[in-house]
Amino acid sequence: MAQVTETNTAERNDQNMNTKDFLIGALIGGIVGATTALFLAPKSGKELRDDLNIQAMQLKEKSSQFKDTAVEKGNEWAAVAKEKTSALSQAVQTNDLVNKVKNLRTAGESEQAETSDAGTTAEDVNQKLEETKKAFDETEQNMSK
């Protein structure tokens with residue numbers, strides 16, 4: 001049984017490797033073909049250089065736009081993450097404070113009261129986590145638009 005599983009895994013790996021090799025070959029072949037067609041096109045050298053310069057400038061502009069968009073989105077995500085981290089930090093600090101207060105309580109208090117306080121604190125932390133998750137989801141949806 002183990003040998004059959006190993007054989008199936010090896011066959012899948014070979015198939016994945018063949019697909020990968022084919023895609024790499026097709027990509028390289030496409031690039032070589034496009035370059036050859038470009039250089040063998042019935043244009044003068046000056047026209048070809050002008051076309052290449054225009055395309056290079058367009059590519060530079062598009063890459064600059066992509067960079068600006070990426071920086072903008074990254075800054076937005078960082079701001080949201082910082083805001084939510086601050087909220088979570090405050091929730092954790094509140095939880096720590098509650099735990100310190102619990103430790104200072106006298107021995108006469110019942111264990112049931114401590115459990116109900118701990119549940120409320122855990123509930124607050126869970127609520128903050130849910131709010132953070134919703135904010136990240138909303139930000140992600142806004143970014144993808």
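Is Ile-24 buried, exposed or partly exposed, and at what relative accessibility? I looked it up: Ile-24 counts as partly exposed, at 43% relative accessibility. The classes I use are buried for under 20% relative accessible area, exposed for over 50%, and partly exposed in between, with a 1.4 Å probe and protein chains only.

**Basis.** I am reading a predicted model, in which local features need pLDDT of at least 70 and side-chain atom pairs count only at pLDDT 80 or more, while totals for chains, interfaces and linings use all residues. Residues are numbered from 1 along each chain as its sequence is written, and side-chain values use heavy atoms, with hydrogens and water left out.

**Fold.** I find three helices and zero strands in the protein chain, in the order α-α-α from the N terminus. Helices (H or I, at least four residues) and strands (E, at least two) are DSSP runs, numbered from the N terminus. Of the 145 residues in the protein chain, 7% are buried. I note an accessible surface of about 12,100 Å², with 57% of it on carbon and sulfur atoms; the areas come from the Shrake-Rupley method with a 1.4 Å probe, and for residues only the protein chains shown count as cover.

**Confidence.** The mean pLDDT (the predictor's confidence in each residue, from 0 to 100) is 75 for the protein chain, and 70% of the residues score at least 70. Helix H2 has the highest mean, 83, and helix H3 (residues 111-144) the lowest, 68. Over residues 114-118 pLDDT stays under 50, and the model has five contacts for them beyond four places in sequence. Where pLDDT is low, the predicted coordinates should not be read in detail.

**Patch.** Ile-24 sits in helix H1 (residues 2-40). With Ile-28 and Val-32, Ile-24 makes a nonpolar surface patch of about 270 Å². Patch members have over 30% relative accessible area and no salt bridge; like charges are joined within 9 Å, and nonpolar side chains (Val, Leu, Ile, Met, Phe, Trp, Tyr) within 5 Å.

**Charges.** I searched the whole structure for salt bridges (a side-chain nitrogen of Lys or Arg within 4 Å of a carboxyl oxygen of Asp or Glu) and got one. Lys-67 and Asp-68 form the bridge, at 3.5 Å from N to O. Asp-68 is partly exposed, at 42% relative accessible area.

Lys-84, in helix H2 (residues 45-104), is buried without a salt bridge, and Glu-83, the nearest side chain of opposite charge, is 4.0 Å away. Lys and Arg count as positive, Asp and Glu as negative; His and the chain ends are not counted. Residues up to four places away in sequence aside, Lys-84 touches Glu-131, Thr-132, Ala-135 and Phe-136, contact meaning heavy atoms within 4.5 Å. Thr-132 lies in helix H3 and is buried at 8% relative accessibility. Beyond its neighbours within four places in sequence, Thr-132 contacts Lys-84 and Leu-88. The C-alpha atoms of Thr-132 and Thr-85 are 8.4 Å apart, across 47 residues of chain.
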